[in-house]
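Colleague: I would like to learn how to read charged pairs and surface patches in a model like this one. Could you take me through them slowly?

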Amino acid sequence: MVGKYHIKPRFWLMLSLTAALVFSVSFLVARNRLDAAAAEVAALEAQRDQLVREIGTLQDEINFAQTDEYIERAARDELGLIMPGEVRYVNAN
C-alpha cells in the first residue's frame, strides 16, 4: 500500500520558515534580556565603586579622628580651649 498523503516541497519551505522565525524571535528576546541584565550589572558596579570610595573617605575621617591633631582642633574649635602660654584675643565689635 502506497502512502495516502504526499508532502509537497512547499510544506517543508513553510515549516523551515516558521522554525527560523520562532528561533529568531527567541534569540531576540534572549538578547534583549541579556542586554538589560548587563546594564543592571553595570549600574550596580558603579554603585559599588561609589560606596567603596565613600567607605575610604569615612575610614580616612575615622583615622584622622584618632590623632592628636584632631583632638587639639576639636578642643580649640568646639570647646574654645587654648594651649598653656597662649593668649586669647576677642574682637569687640
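Predicted model: local features only at pLDDT ≥ 70, side-chain atom pairs only at ≥ 80, totals over all residues.

Colleague: Which residue does the side chain of Glu-86 meet in a salt bridge?

Modeller: The general idea is to look for a side-chain nitrogen of Lys or Arg within 4 Å of a carboxyl oxygen of Asp or Glu. In this case the partner is Arg-76, with 2.8 Å from N to O. Arg-76 lies in helix 2 whereas Glu-86 belongs to the segment after helix 2, so the pair ties together parts that are 10 residues apart in sequence. Arg-76 is itself partly exposed, with a relative accessible area of 32%. Salt bridges with shared partners also join Glu-72, Arg-76 and Glu-86 into one network.

Colleague: How many salt bridges are there by this rule?

Modeller: The count comes to 5 salt bridges. Glu-69 counts as partly exposed at 48% relative accessibility, and Arg-73 counts as partly exposed at 41%.

Colleague: What separates Arg-31 and Asp-35 in helix 1?

Modeller: Because Arg-31 and Asp-35 are 4 residues apart in helix 1, they are separated by about one helical turn. Their side chains meet in a salt bridge, at 3.6 Å from N to O. Arg-31 has 44% relative accessibility and therefore counts as partly exposed, and Asp-35, at 41%, counts as partly exposed too.

Colleague: Now for the patches: which residues form a nonpolar patch on the surface?

Modeller: Here one looks for nonpolar side chains joined within 5 Å, taking residues with over 30% relative accessible area and no salt bridge. In this structure Ile-7, Phe-11, Trp-12 and Leu-15 form such a patch on the surface, and together they have about 420 Å² of accessible area.

Colleague: Where does Phe-11 sit, and is Phe-11 buried or partly exposed?

Modeller: Phe-11 has its place in helix 1, which runs over residues 9-65. With 44% relative accessibility, Phe-11 counts as partly exposed.

Definitions and conventions
Residues numbered from 1 in each chain as written. Heavy atoms only, no water. Patch = residues over 30% accessible without salt bridge, like charges linked within 9 Å, V, L, I, M, F, W, Y side chains within 5 Å. Areas by Shrake-Rupley, 256 points an atom, 1.4 Å probe, with all protein chains shown as cover. Helix = DSSP H or I, 4+ residues; strand = E, 2+ residues; numbered from the N terminus. Buried < 20%, exposed > 50% of the residue type's maximum accessible area, 1.4 Å probe, protein only.
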